[in-house]
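Welcome! Please take a look at the structure below, and then let us walk through a few of its parts together.

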Amino acid sequence: KDELGDLAASFNRMIQEVRSRNDALIREITEREQTSRMLAEREESTRQIFQSVSDAIVITNLEDRVVDANQAAQEMYGYSLDELRALDPFTVVHPPALAKGEALVAAIAEGRPFRTRAESVRKDGSTFPVEVRVRRFWDDGRQHAVSIVRDITDRKRAEEALAAREV
């Protein structure tokens with residue numbers, strides 16, 4: 001009977017250990033599911049903010065490919081996201097402003113923010129004044145640049161009207 005008692009005690013300890021590990025595993029799975037849900041919610045919130053901003057936001061990799069662009073960028077330039085991804089990002093820069101590209105590339109290479117005013121070109125070929133801010137950032141271990149582009153057509157008109165009144 002001693003052997004049977006020892007066997008039963010051993011079996012009970014094993015069952016208790018399995019239950020304990022199972023409970024720990026359930027807690028870990030629950031925590032991971034909660035974390036996953038929270039990350040998905042945060043990602044969706046970030047995506048909604050990205051899409052709701054009125055300025056164009058264009059993310060490029062350092063191989064000069066558009067990785068992402070918000071709805072405002074698509075509307076501002078007249079290109080779909082797929083079309084923007086297929087373009088060289090400098091396609092939307094009016095040729096006389098391309099000289100600023102060297103300063104932009106140097107600033108990005110050095111990790112400095114870059115800011116300028118320039119002329120941009122829409123898909124239909126029309127041009128418009130913009131204020132551009134570019135900053136380098138890291139995503140998935142790779143460098144990218146985020147460009148925030150503001151159409152300043154109305155501001156330029158107001159500045160010109162004010163200057164005309166002062167003359």
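## Strand β1, covered on both sides

In this predicted model, both faces of β1 (56-61) are covered: Ala56, Val58 and Thr60 on one side are buried, as are Ile57, Ile59 and Asn61 on the other. Buried means under 20% relative accessible area, with exposed over 50% and partly exposed in between, using a 1.4 Å probe and protein chains only. In a regular strand, side chains alternate between the two faces of the sheet. Strands (E, at least two residues) and helices (H or I, at least four) are DSSP runs, numbered from the N terminus.

A word on how to read the values: residues are numbered from 1 along each chain as its sequence is written, and side-chain values use heavy atoms, leaving out hydrogens and water. As the model is predicted, local features need pLDDT of at least 70 and side-chain atom pairs count only at pLDDT 80 or more, while totals for chains, interfaces and linings use all residues.

## The neighbours of β1

Two strands pair if DSSP finds at least two bridges between them. β1 runs antiparallel to β5, joined by six bridges, and antiparallel to β2, joined by three. Val58 has a bridge partner on each of these strands: Ser147 in β5 and Ala69 in β2. The hairpin of β1 and β2 has four residues between the strands, and Asp64 takes a positive phi near 60° there.

## Two pockets

A pocket is an open set of points on a 1 Å grid over the protein atoms alone, where a 1.4 Å probe fits, with protein on both sides within 12 Å along at least five of seven lines; lining residues have an atom within 4 Å of a point. The largest pocket holds about 620 Å³ of space, the volume being the space filled by probe spheres set on the points. Its lining has 33 residues, and Ser147 is among those nearest the centre. Helix α4 gives the most to this lining, with six residues.

The second largest pocket has about 380 Å³ and 15 lining residues, with Ile59 among those nearest its centre. Here α1 gives the most, with seven residues.

## One aromatic pair

The structure holds one aromatic pair. Tyr77 and Phe128 sit 5.7 Å apart, centre to centre, and are tilted, with 50° between the planes. Rings of Phe, Tyr and Trp (its six-membered ring) pair if their centres lie within 6.5 Å; planes under 30 degrees apart count as stacked, over 60 as edge-to-face and the rest as tilted. Because Tyr77 lies in helix α2 and Phe128 in strand β4, the pair ties together parts that are 51 residues apart in sequence. Both residues are buried.
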